[in-house]
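Please find below some notes on the model under review.

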Amino acid sequence: MPNWILNTVGALALVALPNAGSAGTAPTIFAPENVPALRQQAQAVAATAVSVEDARKIALVIVDDASRRPDGTLEQIQADQSLVMDLAKQTGNDPEIMAVHANLVGIEAGIEQDLIRVLTLAKASSRALDKLVRDNPDNGGVLMQRGLNALHAPKIAGRIQIAIDDFETLSTGAFHLTDELNAQVQLLLAQSLIKAERTQDAQPLLASVAEAGVPQWSDAARSILAGL
């Protein structure tokens, strides 16, 4: 599977915000300098109780590491799934953590060699994410995970419009995104539009992110614009 978490760790600076009336919750984010400690915590998930916020952060570090592993094995990804499921159980099946687990199943589909198994895993991943979004429409973390999954699904899967819809929903202002996270979402939306062959719609978004002064995402937007 492609590296579907576009340098996520480098952009994450705050934790998820609480519900405010009818507003949604933002995706969980955290400071890059916290990553080593979170990785260390991940190894003791089964033995150590953690808060919901920390559990979400650990789950995100696990899936980010899994997505970057150049020669990942089925054993490694299944161990990652087990760790994240332990986190989910500790937090009463927190939706964002369950969405991370569903994406780990998608990563397993990219490693698996048996075609029938690939199709089974990919379908299980997308169905689980669809159900999580239906049940938790105001959870920005769930929307982010499904959007990433849909963006990087094979084009033949026909899920690119789902990515567009999810990133547009996150962009509505109802999720209280930080400037950095908003820039990331706008960039992901632009990438989704490009994959849907709507390059003209993507260009204003890329230009806006390029001018936003958020180094990581602004640099990425400028690079994409230069290649169009």
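1. At the start of helix 5, the backbone nitrogen of Glu-96 lies within 3.2 Å of a side-chain oxygen of Asp-94. Helices here are DSSP runs of H or I with at least four residues, numbered from the N terminus. The model is predicted: local features need pLDDT of at least 70 and side-chain atom pairs count only at pLDDT 80 or more, while totals for chains, interfaces and linings use all residues. Residues are numbered from 1 along each chain as its sequence is written, and side-chain values use heavy atoms, leaving out hydrogens and water.

2. Helix 5 has 17 residues, of which 14 are buried, so the rest of the structure largely encloses it. Buried means under 20% relative accessible area, exposed over 50%, and partly exposed in between (1.4 Å probe, protein chains only).

3. The largest nonpolar core comprises 36 residues, with Met-144, Phe-167 and Leu-170 making the most contacts inside it. Such a core is a set of buried Ala, Val, Leu, Ile, Met, Phe, Trp, Tyr and Cys residues joined through side-chain atoms within 4.5 Å. Helix 9 gives the most to this core, namely eight residues.

4. Asp-130 and Arg-159 form a salt bridge (2.8 Å, N to O), defined as a side-chain nitrogen of Lys or Arg within 4 Å of a carboxyl oxygen of Asp or Glu. Asp-130 lies in helix 6 and Arg-159 in the loop between helix 7 and helix 8, so the pair ties together parts 29 residues apart in sequence. Salt bridges with shared partners join Asp-130, Arg-146, Arg-159 and Asp-166 into one network.

How values were computed:
Helix = DSSP H or I, 4+ residues; strand = E, 2+ residues; numbered from the N terminus. Polar contact = N/O pair within 3.5 Å; in protein donor to acceptor, adjacent residues only side chain to side chain.
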